[in-house]
Amino acid sequence: MSPKHYYNEMVDPQDRVRSLYAGTAEWLSGIRPEQLEEKRAEAEILFRRVGITFNVYGEEAGAERLIPFDIMPRILSACEWQTISKGAIQRVRALNAFLWDIYHEREIIRAGIVPESVLTNPMYRPEMIGVDVPGGIYAHIAGIDIVRTGENQFHVLEDNLRTPSGVSYMLENRKMMMRLFPELFHRHPIAPVEHYPQVLLDNLRAVAPPGVRNPTVVLLTPGAYNSAYFEHAFLAQQMGIELVEGQDLFVRDDAVFMRTTGGSRRVDVIYRRLDDDFVDPLAFRPDSMLGVPGLISVYRNGGVSLANAIGTGVADDKAIYTYVPEMVKFYLGESPVLENVPTYRLARQDDLAYVLEHLSELVVKEVQGSGGYGMLVGPAASKAMLSDFRARILDKPENYIAQPTLALSTCPTLVEQGIAPRHVDLRPFVLSGKTVSLVPGALTRVAMKEGSLVVNSSQGGGTKDTWILEARTPC
Amino acid sequence: MLSRTADHLYWMARYIERAENMARLLDITHKMSLVPNARRSEETIWQPPVSIAGNIAAFAQDYGVYSTHNVFRYLALDIRNSSSIVSTLNSARENARAVRVAMPSEMWENINALWLELHARLRNGIGEGDLGEFCDWVKSSSHLFRGVTFGTMLRDDAFHFVQLGGAVERADNTARLLDVKYHLLLPASEEVGGALDYYEWSALLRAVSSFQAYQKIYRDRIEPWRVAELLVLRADLPRSLHACLDQLMPLLEKLGGNESLRLAGELHARLHYGRMEDIFQEGLHEFLSEFILDNSQLGAEIQRSFLSTPV
C-alpha cells in the first residue's frame with residue numbers, strides 16, 4: 001500500500017492540514033528543525049534523570065534503556081474520544097460480566113455463544129470457580145488497544161486484562177510536554193490526565209473485602225529488576241501506598257500482612273503487577289520466589305482483594321477476543337460501539353483454508369502471544385518464514401488467529417530525516433471498581449521505523465503524548 | 001514502614017557517607033604525598049588508607065605496589081573492591097532505586113543524577129591527575145544528597161532511618177581515620193612544630209572538614225592531642241564521635257529501639273562524660289579500637305531489631 005492509503009491524522013489526502021492539527025502546524029512553522037532536535041535531546045536527559053527506564057534482561061547493570069519518546073503530540077477531538085471511551089467502557093463491562101459468568105453460571109456457554117472449550121483454556125483458573133469477588137469485578141484495570149483505519153473508523157485490536165502497563169508513560173509524557181512546550185498548552189484546550197492515580201486508588205479502595213472501612217492498599221511488584229519497575233514505583237508513589245515485594249508479605253490466620261518496622265500490618269487490597277503464575281507458590285508455580293505462599297487461599301475466602309483478579313487471562317486470549325462483540329450484545333443488550341478487527345479463527349475449517357491460501361497478505365498471531373512475539377506479518381515475511389509458519393499452523397491450528405494487515409493510521413513523528421508520518425495505535429486504560437471510567441487520555445505507541453506496523457516497545461516502538469481536546473460545542 | 005524499605009534507606013545513606021569518607025581519605029593522603037618528605041616513602045603514605053578501608057591481601061594480589069596510581073584505582077574506581085567509591089555509589093543508587101517510592105522524587109532524582117554522572121565520568125576516563133577533582137566532586141555530591149534529604153523529606157521514620165545510616169557510618173569512619181593517621185603523624189622524637197607537621201596535621205583536619213573549626217576553637221598552633229580531643233569529644237564538631245552519638249540517641253528513641261538504644265547510650269556516655277587525659281592514659285589507639293568495635297555492634301543490633309525481615 002502506498003502512504004496515501006493510510007489515514008494520516010494530521011493532513012488529508014490533498015495535503016491540507018486537518019483543523020485539529022491547525023494550532024500545531026502553525027507552531028511548527030515557527031520553529032527551526034534544530035530546536036526540535038534540542039528539545040528531543042533535552043527530553044532524553046530528563047527521562048534518564050528521573051529514571052524512566054526499563055531494564056534489559058541479560059545486560060549488565062547500567063544498561064537501562066529508555067523507551068523512545070516522540071515530542072510530536074497525537075491529537076484526538078472530543079467527539080472522537082467520546083466514541084472511544086464509550087466503546088472501551090462498554091467492552092470492559094461486558095468482559096467483567098463474561099468473567100463472572102464463566103466462573104459461575106456459564107450462561108454464555110449454555111446459550112451456545114462461546115464454545116465450551118474455553119474451560120480448557122490454560123488461562124482459565126479452576127481455583128476461581130464459585131469465588132465471589134467484590135463488586136463482581138475481575139479486570140479493575142484494562143488496557144484496550146485500539147487502532148484507527150479511517151476518519152471515523154476505530155477498531156479494538158486487543159484487550160489487556162492481566163497486568164496491562166504503560167499508564168506511567170501517559171502521565172510522564174504529559175509532564176514532559178508541559179515542560180518542553182508550555183506554549184502549546186496555551187493554544188490547545190487539552191483535557192488533564194493527572195488525576196489517574198487518584199481515580200485508580202478510589203477504585204482499588206472500593207473493592208476491599210466487605211466490612212473493611214479504611215482499607216490498606218499496596219502495590220505488589222516483582223522487584224527492581226522487572227522491566228516495568230519504574231511504573232510500579234511511580235504508581236505506588238502517586239497513590240501514596242506501599243510498594244511491596246513478595247518477601248514483604250506473609251499470610252497468618254487467614255489474612256495477609258506486611259512486615260514493617262513497627263511489626264506486622266494487615267493488607268486489604270493488593271494491586272498486583274505479578275502474573276497469576278507467580279503470585280502464590282502454593283497454588284501455582286512452586287518455584288516462584290516472587291509471590292506470597294498462601295495468598296490464594298486467603299483470597300478465595302475473601303480475606304484480601306486482588307486487582308486484577310486471578311484468571312482474567314481467559315478473557316483477553318486472542319481466540320476469545322473474537323467473541324467480545326457478541327458478549328456486549330449478550331450481557332448488556334447493546335450493540336458494540338467499537339468493532340473488532342475482522343479475525344479468522346484457525347480452529348474453524350473454513351477460516352483455516354482461507355488463511356493458508358492468503359498467508360502472505362495476513363497477520364497471524366499466536367493465541368497467547370504478547371509483546372509482538374510469535375507473530376507473522378505476511379506482507380513483510382520471506383518465503384522461508386511463510387512456509388515455516390504454515391507448518392506451525394497446520395501442527396496446531398487452534399493456537400492461531402489471523403487478521404488482515406491493518407492500514408494503521410499515521411501521525412507526524414520526529415525522526416532523523418525530520419518530521420514524517422509513522423504508524424500509531426492507542427491504549428486507553430479503563431478503571432473499574434466504584435464506577436467504570438477512564439481519564440481523558442491514553443498511551444499512543446508509535447512504530448519509529450518507516451513503514452513498520454509494529455508499535456510494541458519490545459520491538460523498538462516509541463510513545464507520544466496524547467491530547468484529547470475539550471469540546472467547544474457538543475458532538 | 002516496611003522493614004525492607006527501612007533497610008534500603010539505611011544502607012543507601014551509609015553507602016553515600018562511606019563514599020564521601022573514602023574521598024576524604026584519598027584526598028588527604030594525596031595531599032600528604034605532595035610535599036617532600038624524608039620521613040616517609042610513597043609506600044608508607046599510601047599503605048594506611050588501604051588498611052583502613054580495603055583489603056590488604058586483595059590489594060597485594062591485584063596491584064602489589066603502593067603508589068598514588070594504584071591506591072587511587074583500588075579505592076576509588078575498582079568495582080572488584082566493594083568499598084571503592086564507585087562500588088559504594090553503585091550500591092547507594094541500587095538501594096535508592098529499590099525504594100524510590102519511599103523518598104521524595106527530588107531526592108531520588110538527585111541520587112540518580114549522581115549515579116549517571118559517575119558513569120559518564122567513568123566513560124570519559126578518570127586518571128591519577130583527576131584525583132583531587134574527583135574527590136571534591138564526590139564530597140559535594142554527598143553534601144547535595146544531605147541537603148536534599150533535609151530539604152525535602154517528611155520527618156517520619158524513613159527520614160530517621162536515613163539519618164541513622166549516616167550517623168553510624170560517619171562515627172565509624174571518623175574513628176578509623178583518626179586511629180590510623182594519628183599514629184602515623186605522631187613524631188618519633190620531640191621535634192614538633194615544623195612546617196611539615198603543620199602541613200600534615202592541617203591536612204588531617206581538612207580531611208574531616210575541621211581545620212577552620214580547630215582554629216576558631218583553639219586559636220593556637222595545631223597540637224596532636226587537641227586534634228584528638230576535637231574529633232573525639234567535641235559535641236559541636238559535626239563529624240566528631242560525640243556529635244555522631246548525639247545524633248544517634250534521639251533517632252533511636254524515636255524509632256523505639258531497646259537494645260540498640262542501650263548500646264548507643266553506653267557509647268554516648270563514654271564520649272559525653274569522658275576526659276581526654278583519661279583516654280590518653282588508657283591509650284588513644286585502644287580507645288578508638290574499642291569504639292569501632294562497639295559501634296559496629298550497634299550497627300548489627302540496628303540491623304537485627306529494625307531491618308532484617310525474619311520469616
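Contacts between the domains of chain B

User: How many residues of domain 1 of chain B are in contact with residues of domain 2 of chain B?

Analyst: The model is a predicted one. Chain B is divided into domain 1, residues 1–153, and domain 2, residues 162–305. On the domain 2 side of chain B, 30 residues take part in the contact, and the number from domain 1 of chain B is 31.

User: What area is buried between domain 1 of chain B and domain 2 of chain B?

Analyst: The size of an interface is often given as the accessible area lost when the parts come together. The C-alpha centres of these two domains of chain B lie 21 Å apart. Carbon and sulfur atoms give 57% of the area buried between domain 1 and domain 2 of chain B, and the total is about 2700 Å².

User: Which residue forms a salt bridge with Arg170(B)?

Analyst: Five salt bridges are counted between domain 1 and domain 2 of chain B. For the salt bridge of Arg170(B), the closest N and O atoms are 3.0 Å apart, which lies within the 4 Å limit of the rule. The partner of Arg170(B) is Glu17(B).

User: Which helix gives the most to the side of domain 1 of chain B that touches domain 2 of chain B?

Analyst: Eleven residue pairs in polar contact, both at pLDDT 80 or more, are found across the interface of domain 1 and domain 2 of chain B. On the domain 1 side, helix H1 (3–34), helix H2 (42–53) and helix H7 (131–152) of chain B each supply at least two residues. With 17 residues, the element that gives the most to this side is H1(B).

User: How many residues does the contact take from chain A?

Analyst: The area buried between chain B and chain A is about 2300 Å², with 46% from carbon and sulfur atoms. Leu2(B), Arg97(B) and Val101(B) supply 30% of the area that chain B buries against chain A, more than any other three residues. The contact takes 29 residues from chain B, and the number from chain A is 25.

User: Which residue forms a salt bridge with Asp248(A)?

Analyst: Three salt bridges are found across the interface of chain B and chain A. In the one formed by Asp248(A), the closest N and O atoms are 2.5 Å apart, and the partner is Arg4(B).

User: Which element supplies the largest share of the side of chain B that touches chain A?

Analyst: The interface of chain B and chain A has 16 residue pairs in polar contact, with both residues at pLDDT 80 or more. H1, helix H5 (85–98), helix H6 (105–124) and helix H8 (157–185) of chain B give two or more residues to the side that touches chain A. Eight residues make up the largest share, and they come from H6(B).

User: Which residue is the bridge partner of Leu249(A) in S7(A)?

Analyst: S6 (249–252) and S7 (255–260) of chain A pair in the antiparallel sense over four bridges. The two strands form a hairpin with two residues between them, and Asp253(A) in the turn has a positive phi of about 50°. Arg252(A) stands opposite Ala255(A) in S7(A). For Leu249(A), the bridge partner is Met258(A).

User: What is omega for the peptide bond from Ala307(A) to Asn308(A)?

Analyst: Asn308(A) lies in the loop between strand S10 (305–307) and helix H11 (318–321) of chain A. The peptide bond from Ala307(A) to Asn308(A) is cis, with omega near -5°.

Definitions and conventions
Residues numbered from 1 in each chain as written. Chains lettered and ligands numbered in written order. Predicted model: local features only at pLDDT ≥ 70, side-chain atom pairs only at ≥ 80, totals over all residues. Heavy atoms only, no water. Domains from an automatic or database assignment. Contact = heavy atoms within 4.5 Å. Buried area = accessible area lost by both parts, 1.4 Å probe. Salt bridge = Lys/Arg side-chain N within 4 Å of Asp/Glu carboxyl O. Polar contact = N/O pair within 3.5 Å; in protein donor to acceptor, adjacent residues only side chain to side chain. Pairing = 2+ DSSP bridges.
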